[in-house]
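Student: Hi! Could you walk me through this structure with me asking whatever comes to mind?
Tutor: Happy to, ask away.

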Amino acid sequence: MKRREERPDDAQAQRLRIREDLSLASEVMEQYRNKRWQSLETWAGDQLDAMLASRSQTETCLRHTNWSLRLTALLLLDDRWQAVPSLANDFAGMVLTDSTSVVRGVALRLLAGCVLNESLSELPECVRHLSPVVLDDPTPADAETEEARSLAVGMLRDIAKFKVADRQRRREDLHQLAGSLVDAMQQDMSLALASLEHSEPSIRCAALKLFGGHWKPPADFDQICLRMLNEDGDTLVRCTALTSFMTPKVGLEGRTLGPRLAALVQDVVQPLDLRELAYFWLLRLRGDDILDWRPLPREEAAFAAAIDWSFLRSFSQIHEGE
């Protein structure tokens with residue numbers, strides 16, 4: 001159906017509305033990145049498990065009367081099912097017609113992300129007139145500002161491409177660990193949960209990784225990770241358990257977790273790989289830039305020389321003062 005001609009004032013009003021939508025979308029998507037499962041549970045409630053298990057169920061929720069379920073569907077179709085390109089026209093329709101501002105904004109933001117990572121060549125036709133709002137800044141500027149804008153857009157494209165590459169790397173990593181079993185584990189949460197006890201260490205690693213993002217972790221996941229960290233006989237499983245335990249806690253529980261990690265770094269009985277990983281997470285708790293991370297030496301004296309011992313002792317002092 002041909003889109004009706006818009007008067008200049010209509011187009012201006014729509015672009016103003018879209019900017020407001022995008023502002024709300026940015027806040028919600030930051031919340032989603034920082035507190036993924038808490039956000040999804042708040043928005044989707046008891047519908048979440050069905051949406052995680054079935055793409056078709058998720059697509060159905062795009063048309064739900066509850067705006068929070070529509071929002072959840074948009075985010076899962078992007079982050080879990082990588083389905084935005086195939087549903088681009090549906091997303092575009094929501095940009096134009098959805099009754100809730102944040103839903104419109106998230107739909108447009110996700111479409112723009114697909115253009116930036118080149119899984120879409122351009123926005124769908126019915127929303128292509130919004131490209132200047134979401135992909136470019138139409139405000140006139142001097143040469144220096146234009147260069148800065150160009151660099152910023154380039155960075156956004158690089159970030160979008162990195163996200164796609166990272167998803168592919170994680171898929172390949174899981175298949176390398178679990179082979180064909182990973183497909184079944186991604187379809188059946190109970191199988192993934194049971195695989196945490198699998199006799200093969202690589203299968204246990206894959207199961208831990210799936211509860212790092214693909215499946216909602218069970219209520220006792222922290223205890224599961226700590227048990228595997230302390231008791232599993234395989235170093236890679238122990239390292240994966242530590243990362244699974246720490247990833248959602250950075251910036252939240254440093255005072256509580258720091259002394260435990262510091263003790264692990266100093267425990268010469270433990271494998272160097274595990275001690276190094278514990279030190280890495282201590283630096284993350286301190287706010288260090290992980291882009292500067294360099295692997296530590298694999299000889300005890302050199303390993304010890306590379307450690308910031310005053311930093312480690314600061315956690316011991318916290319522990320003593322509590």
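Student: How many salt bridges does the structure hold?
Tutor: The structure holds 16 salt bridges. A salt bridge here is a side-chain nitrogen of Lys or Arg within 4 Å of a carboxyl oxygen of Asp or Glu. Before we go on, this is a predicted model, where local features need pLDDT of at least 70 and side-chain atom pairs count only at pLDDT 80 or more, while totals for chains, interfaces and linings use all residues. Residues are numbered from 1 along each chain as its sequence is written, and side-chain values use heavy atoms, with hydrogens and water left out.

Student: OK, which residue forms a salt bridge with Asp79?
Tutor: Asp79 pairs with Arg36, and their closest N and O atoms are 3.1 Å apart. This pair links distant parts of the chain: Asp79 is in helix α5 (residues 67-79) and Arg36 is in helix α2 (residues 36-44), 43 residues apart. Helices (H or I, at least four residues) and strands (E, at least two) are DSSP runs, numbered from the N terminus.

Student: Is Arg36 buried or exposed?
Tutor: Arg36 counts as buried, because its relative accessibility is 16%. Buried means under 20% relative accessible area, exposed means over 50%, and partly exposed is in between (1.4 Å probe, protein chains only). Asp79 is partly exposed, at 26%.

Student: And what about Glu59, which side chain does it meet in a salt bridge?
Tutor: That would be Arg55, at 2.7 Å from N to O. Both residues lie in helix α4 (residues 55-60), four residues apart, which is about one turn of the helix. Glu59 is partly exposed at 22% relative accessibility, and Arg55 is partly exposed too, with 31%.

Student: Which side chain meets Glu122?
Tutor: The side chain of Arg128 meets Glu122 in a salt bridge, 3.5 Å from N to O. Glu122 has a relative accessible area of 40%, and Arg128 has 34%. Elsewhere, salt bridges that share partners join Arg17, Asp21 and Arg104 into one network.

Student: New topic! How many helices and strands are in the secondary structure?
Tutor: There are 18 helices and zero strands.

Student: What share of the residues is buried?
Tutor: Buried residues make up 41% of the 322 residues in the protein. As for the surface, the accessible area comes to about 17,600 Å², and 52% of that belongs to carbon and sulfur atoms. Those areas come from the Shrake-Rupley method with a 1.4 Å probe; for residues, only the protein chains shown count as cover.

Student: How many disulfides does a search find?
Tutor: Zero, in the whole structure. A disulfide is a pair of cysteine sulfur atoms within 2.5 Å. Take Cys205: the nearest cysteine sulfur, that of Cys239, is 8.7 Å away, so Cys205 is in no disulfide. Cys205 counts as buried at 1% relative accessibility, and Cys61 is buried as well, at 2%.

Student: Last one: which residues line the second largest pocket?
Tutor: Among them are Leu226, Asn230, Arg238, Phe245, Met246, Arg260 and Gln270. Helices α13 (221-231), α14 (235-246) and α15 (254-266) each give two or more residues to the lining. On a 1 Å grid over the protein atoms alone, a pocket is an open set of points where a 1.4 Å probe fits, with protein on both sides within 12 Å along at least five of seven lines, and lining residues have an atom within 4 Å of a point.
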